[in-house]
Amino acid sequence: MSVKYLVSGGEGALGKFVISMLLERGEKVRILMSELSDTRIYRNNPNIEICYGISTDKDSMKEFFELDDPRSAVLFHTDEYVSLQDSTNLTMRRVNVIGAENIVDMCLKRKIGKLVLLSSAYALNPEVTGDNLTIHFDRNKVAGEYAKSKAEAAAYVMEKVALNKLNAVMVLPTFIIGPGYSEDYEINKVLTSYLKNGTLPPKEGGRAFVDVRVVANAMLTLADKGEPGAGYIISGEYKSSDEFFKDVNDIKGIDTPVKTASKLVMSKSLAKLVGFYYKITHKENPREAYSLFSENPDVRFEDNSNGILPENVISFKDSLSDTISGAQQGGTQAASASAPKANEEMKSNAAINAMEARLKKQSEITSKANTTATAPAAAPVRPAHTRPATAAAQAIAEAKAQLEAEEAKKEAEAKGEAPKTEEPKVEAPKAEEPKAEAPKEEAPAAPAAPAAEAPKAETPIAPAAPAAEAPAAPAPEAPKAEEPAAPEKVEEKSET
């Protein structure tokens, strides 16, 4: 089937309306959907081709981008994740930033003729005016994680338009409402908190709203008339928090006035304290339930389409009424439908979770490699011979040297006279030991043996411990006990 139009995000409300409008024009459409999505509404339609994949995984989109004539094709990227909570949402960043960047890269690689990408007016600097179609995006100048993710993706698109001549047009709507959204969508959570849970809304703050059908129609118009690199604001109608809930009461037939929460509850400075209170009381926190109105509370945008886009023919109240009835009908249908239909959003989340698990595994491998590459090198262990000797090491070395000297002396004495085995005990610490060995060799040969033993006269002068060991000597040496007297006389003569 020869396809001209590609649509990503076919599970969402905006994607469904874009596909429906294309089919009404008789066009053939190729849709990118997750394997876990409910595709029954698109089956048995000869003008629809389904390709299974997700925008956060390039490899899964190869079949989606295989076209006979890619230069004449138009891709509508309607996939997005919306969360207005203060905490960082990694899933939203993957879908809004990584998913959009992958779509842009694949469009350049496969030479797709034109890209019409869904962005957000809240990605713009609040001070921007609608004078120029080409607008600069900076995530550091916007508030909220959702706006930052959209600004980062839009900046990437503008970079590729300037450097790679990407033919891309961006749609910049304010907050989208209307039929077809799931219960987890922000506007439906607001309505549930107010109508079912009875949570008091804030009095201050507001938001500009635009109908999903108006946005879908604008995307089709810009596919034909949009200028490359341009961003078109679809502002819608601004409503304060008080006005919004008054309209909700009118639609639901509620006559009581709108009761609002205290300013302290919505204060940013008391956010942690308020959050702790509602956590321990198990009540819904108004700040979290109505973050739609507390984030960018007074930001308003001007339409910059210069007559290119068709006029908005759906009023805010009609759009809000369809939003309320669509949410109720969606809940009824989900309850009566089969499990795949009832769990459409859960399946979509399961697909995202599967993708996240795959990305997490890849990131763990990458982080391990980076950790190994960037980890500080361990302090080199110096060899033992290069380390400075400590006092204990010196003592050990000296003791070892003494033992080696004693062993060497014992071996030498083993070859000489047996009675001289006690000499090392007395003279081991003295440096004159080698001199004592000289007469050992001459003792048996020369008659002047008594003179040779003159150095031995020092043996009695040693401490008492060695003297006590003298009686333990062998019996043959007993006569030699008188010999010390002779050396003393010799010494006296030498002294005289």
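Predicted model: local features only at pLDDT ≥ 70, side-chain atom pairs only at ≥ 80, totals over all residues.
**View A. Salt bridge between Arg 30 and Glu 49.** The closest N and O atoms of Arg 30 and Glu 49 are 3.3 Å apart. The pair joins distant parts of the chain: Arg 30 belongs to strand β2 (residues 29–33) and Glu 49 to strand β3 (residues 48–52), 19 residues apart. Arg 30 is buried, at 6% relative accessible area, whereas Glu 49 counts as partly exposed, at 21%.

**View B. Salt bridge between Lys 58 and Asp 105.** Here the closest N and O atoms lie 3.1 Å apart. Lys 58 sits in the loop between β3 and β4 (74–77), and Asp 105 sits in helix α2 (residues 90–110). The two residues are 47 residues apart, and the pair links distant parts of the chain. With a relative accessible area of 33%, Lys 58 is partly exposed.

**View C. Salt bridge between Glu 80 and Lys 150.** A distance of 3.0 Å separates the closest N and O atoms of Glu 80 and Lys 150.

**View D. Salt-bridge network of Arg 93, Arg 139 and Glu 152.** Salt bridges link Arg 93, Arg 139 and Glu 152 in a network. A search of the whole structure finds 14 salt bridges.

Technical notes: Residues numbered from 1 in each chain as written. Heavy atoms only, no water. Salt bridge = Lys/Arg side-chain N within 4 Å of Asp/Glu carboxyl O. Helix = DSSP H or I, 4+ residues; strand = E, 2+ residues; numbered from the N terminus. Buried < 20%, exposed > 50% of the residue type's maximum accessible area, 1.4 Å probe, protein only.
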